[in-house]
Amino acid sequence: MAAATRSCRPWGSLLGLLTLVSAAAATWDLTSLRCNFGSFCECDFRPDLPGEGPGLECDLAQHLAGQHLAKALVLKLLKAFVQDPAPNKPLVLSLHGWTGTGKSYISSLLAQYLFRGGLRSPHVHHFSPIIHFPHPSHIERYKDLKSWVQGNLTACGRSLFLFDEMDKLPPGLMEVLRPFLGPSWVVYGTNYRKAIFIFISNTGGEQINQVALEAWRSRREREEISLQELEPIVSRAVLDNPHHGFWRSGIMEERLLDAVVPFLPLQRHHVRHCVLNELAQLGLEAQDEVVQAVLDSTTFFPEDEQLFSSNGCKTVASRITLFL
């Protein structure tokens with residue numbers, strides 16, 4: 001306890017002043033002010049990363065099937081970002097791939113291993129266009145998102161913002177986030193450099209699938225597919241899609257993304273892996289007849305090769321209940 005007191009002494013006079021200000025104006029949020037003026041405020045940010053126990057790296061290795069590129073890229077960028085005491089910009093990731101390939105799963109894991117409250121943390125903010133931005137005609141009203149993000153970053157610079165189904169966001173909305181994603185020190189008086197923004201979409205999935213299919217046909221190992229092959233075609237698919245949230249937002253054009261993260265389509269053995277994981281989560285032993293029944297009920301494509309799951313692992317949990 002004494003050590004904690006000593007570490008706070010350099011801030012004693014400032015915190016004393018802030019306490020007086022708070023008492024004089026009850027509407028001021030003392031915690032927010034401390035986060036703005038000091039780098040020591042981490043809210044409930046408690047990262048559990050590689051080298052610090054089993055944590056995120058172990059969970060990804062066990063449960064995220066078939067995604068060597070996504071796992072390696074996300075872990076590398078996240079570790080470097082978290083270990084940097086003064087990053088010069090937020091971490092901004094855009095996840096792309098076919099449905100059920102693990103994009104939402106890896107996002108939920110990041111929340112779980114970065115924040116004490118996981119997805120329930122008051123500093124983890126999840127946006128769905130169907131829920132939060134359902135009417136394109138209300139685009140001007142939705143642009144209040146800028147003030148909302150600013151307010152939450154003022155309360156806690158260590159915030160995580162998840163934007164799901166970017167393919168369904170009203171075009172023009174994401175441009176309000178541009179000031180928060182670049183390398184400036186502050187925006188509107190708010191220190192935002194320790195924030196994380198994750199954007200999720202299916203855009204680019206068809207292009208990724210085609211590269212994976214051509215690799216299989218040419219007998220290349222799946223693990224030989226590189227980020228350099230996929231990043232340009234995924235970026236082009238996003239820029240050419242007028243229905244994507246990044247359409248004419250300037251976010252990709254100004255290179256505000258730290259990475260485009262591709263998710264490969266899942267093959268039969270990957271779906272089997274998902275079934276076994278789900279059974280283990282239910283506390284059940286592997287049952288060959290259940291595993292085979294789920295695989296037999298899964299649709300694969302293309303029609304001739306029957307190579308990739310049309311829904312990835314998205315429907316595995318619901319299918320298992322049908323065969324238990």
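A residue is called buried under 20% relative accessible area, exposed over 50%, and partly exposed in between (1.4 Å probe, protein chains only). By this rule Phe127 is buried, with a relative accessible area of 7%. Phe133 is buried as well, at 7%.

The model is predicted: local features need pLDDT of at least 70, side-chain atom pairs count only at pLDDT 80 or more, and totals for chains, interfaces and linings use all residues. Residues are numbered from 1 along each chain as its sequence is written, and side-chain values use heavy atoms, with hydrogens and water left out.

Aromatic rings were examined next. A pair of aromatic rings is described by the distance of the centres and the angle of the planes. Rings of Phe, Tyr and Trp (its six-membered ring) pair if their centres lie within 6.5 Å; planes under 30 degrees apart count as stacked, over 60 as edge-to-face and the rest as tilted. The structure holds 11 such pairs. One of them joins Trp98 and Phe301. Trp98 lies in the loop between β1 (91-97) and α6 (103-114), and Phe301 in strand β8 (residues 300-301), so the pair ties together parts that are 203 residues apart in sequence. Helices (H or I, at least four residues) and strands (E, at least two) are DSSP runs, numbered from the N terminus. Trp98 is partly exposed at 24%. Phe301 is partly exposed too, at 22%. The rings of Phe127 and Phe133 have centres 6.1 Å apart and planes at 20°, so this pair is stacked. Both residues belong to one aromatic cluster, which also holds Tyr142, Trp148, Phe163, Phe199 and Phe246.

UniProt, in an unreviewed entry, places the feature "binding site" at Gly97, Trp98, Thr99, Gly100, Thr101, Gly102, Lys103 and Ser104. UniProt positions follow the numbering used here, feature names are shortened, and annotations may be inferred rather than shown by experiment.

Two of these residues were followed through their contacts. Contact means heavy atoms within 4.5 Å. Not counting residues up to four places away in sequence, Trp98 touches Lys103, Asn202, Gly205, Glu206, Asn209, Phe263, Phe301, Ser309 and Ser310. Gly102 lies in the loop between β1 and α6. Gly102 is buried, with a relative accessible area of 14%. Leaving aside neighbours within four places in sequence, Gly102 is in contact with Leu64 and Phe263.
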